[in-house]
Amino acid sequence: MTQNVEQEFLARIKVLHDTVWEGHASGPAVQQWLGNFTCPPDAPDERLHALCLLSQFMYFGSRQMRVLLKALYRDKYKYPIVEQIRRANEDTLDVPFIQAQFQQTLDATRFLGIGNPSESGVHLLYYFRQENQLRKKYFINAHEIFSAEADKRILRFPQVTRYVFIDDFCGSGSQGKRYSTDILAELKKLSPTSIVSYHVLFATSDGLNSLRSDTLFDAVECIYELDSTFKCFGSNSRYFKTTPVEGINKTEAEKMCRKYGAQLDNANPLGFGDCQLLIGFHHNTPNNTLPIIWFDEPGGPPWTPIFRRYSKYFGWGK
Amino acid sequence: MIMLNPHTNPFNITKAVDFSDQEIQDYWIDIPESGGFLQLMKPTSPMPMFILGGKGSGKTHLMRYFSYPLQKIRHGNDVPEKLKDDRYVGVYLRCGGLNSGRFKEKSQSEEAWEGVFAYYMDLWLSQLVVGTVIDAYRGCAELELNQEKVCKSILDLFNTWDEELPTSLEKLLEELSSLQKHVDVAVNNCAISGELKVKISATRGRLVFGIPQILSENLPAIRECVFLYLIDEFENLSESQQKYVNTLIREKEMPCSFKVGGRMYGIKTHRTYSADEENKEGSEFETIRLDALLRASKRYHLFAKRLIVRRLSEHGYVTGDVKAQEVMVKSISDWFATIPQEPFAKGETSFVIEKYAEGERPYFQSLRRNIEKGRELGLAPGVSSPEDVEAILVSLACTDYPLLEKVNIFLFYKEWSDRNNLREAAETIARDCQQFLHSKVARKTRYSRALEHFKVDLVAQLLRECDKPQRYLGIDTFIDMSVGLPRNLLILLKSIFAWAVYKGETPFTDPHTPISAKAQQAGVAEAADWFFGDARMLGASGRLVEDSIKRLGTMFRTVRFADKPSECSCTSFSCDLSRVTDEARRIVDVAQKWSLLIAVSDRRDRGSERIDDQFQLNPMLAPRWDLAVYRRGVLSLTPDECNAVFDEAKQSDFDRALKARESRMNAPSFGTKGVDDSHRDLFVALEND
């Protein structure tokens, strides 16, 4: 019974809307979004497939993002350093000593955002600082790593031994690679012993592997790894793993997403880098998510998104 | 003034236990029978009473309404004098708050626990009585003058008193509380210390009856009052603890009486510690079954509508006085979108015409398949060629009225089931249909009777065949679904309201925009799921009951959506329970106690004149199996069928029993011997081809 299935999806979406989606998918909003799908009479029910996908959309609201930023600092930065300090000092439990040592390391650390100041990686630094009660001096812009001295680039903070690049999302890893080429190469030349890390909240396994093998980062860490099961139409997709739902078919769902995706972004019909994700955040939806979810490019084809992506405005078609 | 907040769901709170005393008063609605709940409860009667009912039948609301804090709210000033008018003082105790599970095991004898629990309960009730009197008499000279004497008399009730001698009731209350705390500490530490160091300093029951007697003797204003112990959530007590309450009931002394509230399954015993005698209904106590009473009341709908309007009023959706509220009570159904009733259900079934503007309608597709199969198997009398099939389909068509087409097909299947010539039958039905359609006088004919009896089921079949959700619409439907359990009604409305808001509607604000059918359908589906989950018992019995109810629902659905349903609006069954297994009987009993099944008056079996037990599936569950809300036809189950549904050991027979029934009601075999099973496989094979 398609109607019952549709109602079940809507019921699930309503619960998510009421609880974790921060009110993003009200009934009218969902109906408007469903209006994008033309539902040709001879094709399987597109609305049903769209609802099926939406009901599995993973959204991280403001509170969750703040908690993740805490975890990023605590689990990927602070605890490993504390562990090192204790190891180097016969597993000491001397708290004042550990605190003093950690403070020294922190003083020799700078946190940076990935991307330009208007992008999400940098935007999140503000909350990262708030949640972890860090002083402003530990944060710098990428251009502040270096300074010029008599026609020569030198390190602005020679006492700094750790640089931690913070990002919200790593899909294909392309941005990290750019940083590696543009900044890390020179940084490593000037200070080969500096530890340069890339800490990201969410990352695909492919993106992480790519950064670990093809960049100069000493450490690449993430909080929430999106393995191949998160690829919507992949062979082991988690979204189509449960008991088959009447009227829902993975192949048809992919066909539909490709059809509309190609109209929205011909180069990336299933999301940038063919990531095929179903994920969104309080501050934005990554372009690695299926475009049918987020597409709202100015000048682009008319489309009502359900979780709007605030694009970087590179310009449509350029 | 309450400001209207569109996000506040007026039906959010569905449990009286979550209400403050003031809210209990504000949300109170009396039953519109003469005398109302007061007459029903008889608070001044010395006869103890059990108030039983399913979850959400309103027991707690009712009992709290008769408790002292509510009496005080109603009376305002000069409470003792007003209590004199009431002639009772309600002392409310919720057994859930006793944490009664503590009073057992931990290497102590059962006798020890019985004694400690009785003492603990006596202390608790004593505090409630003393606290009530202190509050009622605050600032009254009558108490000031007598309290030293009262205290002394109360202390005389104790066998021993090691504490300081209190001279005021406040001090006495503190001492009683301190004694109770000592028991708490001893009980809570028993598992660790291995000892149960409790000194019981009052004989069982002495405080419970003695304190009210002393107060009565010394405080003239309440001399004529009954001290009414309202003991709620009785089901939370163990058998031996219930035995103690039963003993208090049996040994009751004036001026005390008891009202004990509990779920139907909650009474574990009526035995007492008085020589193990059992309390008898009518002799030691009387019983009211709240939901059965509400269900049977002809004015339950009015009560329910007032309940809804009171909620809306408290949340600012209705402004004005009682008159304004009564106006809304009368028009409450207008706030819910329903399908207008038209001749031959034209509007109600317009979705068929819209969806199948072109192409064959699904029920004709199915009929065509059935006749063709029947022809191949030699089971379709009078059909020998494809032309015959076409002619039948043309005869049964009535394009503008899909419901009449369904009636035609239903009658056709009846004829087929009777092995009549199908071509001739189709022609006769077509004539009957045209006569009925153009008849100016409403005459009872076979055709009109079929429509009258099966209309609801045939519309349900149409909805299903056209992939539309079943319609559970309108306030009267929801009230009927609640079957005397007001909480179920509130749960339904809570979900419907939430869905309406989610869909961007503003329920109960603009009389011209009623709550949409879609919001109602979604809300009903959600509430039905909630009910099934909430009613679910824990443990092995819970699973057995749940599985049985699922099987029963499946059976009813099979009947409703059959080609020739044996019963109309089938949501009830009857069976001679004396001939089923003990386990099946037990599960039926448990399901009834948990309100999953509702006992209906016994039924005389058509064939044998035997009186059978009859039960209805709780209509809250109807949406789970697309069943009717209203009770009409009754499925007569054989003992074997009943066992297959309710006895897990016999559940392997269920599929066979269901298939046998299905086969009798469906084309082309209609139960033809030898065709049922062997040809079924063939039909499946043909279907797959």
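These exercises work through parts of a predicted model, each with a stepwise solution. Local features need pLDDT of at least 70, side-chain atom pairs count only at pLDDT 80 or more, and totals for chains, interfaces and linings use all residues. Residues are numbered from 1 along each chain as its sequence is written, while chains are lettered from A and ligands numbered from 1 in the order in which they are written.

**Exercise 1.** State how helix 16 and helix 18 of chain B are oriented to each other, and which residues meet.

Solution.
- Step 1. Helices are DSSP runs (H or I, at least four residues), numbered from the N terminus; strands are runs of E with at least two residues.
- Step 2. The axes of helix 16 (residues 386-396) and helix 18 (residues 422-438) of chain B come within 8 Å, crossing at roughly 15°. Axes are lines fitted to C-alpha atoms, for helices over the stretch in contact, and angles run from 0 to 180 degrees between N-to-C directions.
- Step 3. Angles under 35 degrees count as roughly parallel, over 145 as roughly antiparallel, 65 to 115 as roughly perpendicular and the rest as oblique. Helix 16 and helix 18 of chain B are therefore roughly parallel.
- Step 4. Residues are in contact if their C-beta atoms, placed from the backbone, lie within 7 Å. Helix 16 of chain B brings Asp388(B), Ala391(B), Ile392(B), Ser395(B) and Leu396(B) to residues of helix 18 of chain B, including Leu422(B) and Arg423(B).

**Exercise 2.** Find which helix of chain A gives the largest share of the side that touches chain B.

Solution.
- Step 1. In all, 12 residues of chain A are in contact with nine residues of chain B.
- Step 2. Helix 1 (2-19) and helix 2 (27-34) of chain A each give two or more residues to that side.
- Step 3. Helix 1 of chain A has the largest share, eight residues.

**Exercise 3.** Are Phe508(B) and Ser569(B) buried or exposed?

Solution.
- Step 1. A residue is buried if 20 or more other C-beta atoms lie within 10 Å of its own, exposed if 12 or fewer, and partly exposed in between; C-beta atoms are placed from the backbone.
- Step 2. Phe508(B) sits in the loop between helix 21 (486-502) and helix 22 (517-534) of chain B. Phe508(B) has 25 other C-beta atoms within 10 Å, so it is buried.
- Step 3. Ser569(B) belongs to the loop between helix 23 (539-560) and strand 6 (572-575) of chain B. Ser569(B) has 24 C-beta neighbours inside 10 Å and therefore counts as buried.
- Step 4. Neither is a glycine, yet phi is positive, about 60° in Phe508(B) and near 40° in Ser569(B).

Conventions
Contact = placed C-beta atoms within 7 Å.
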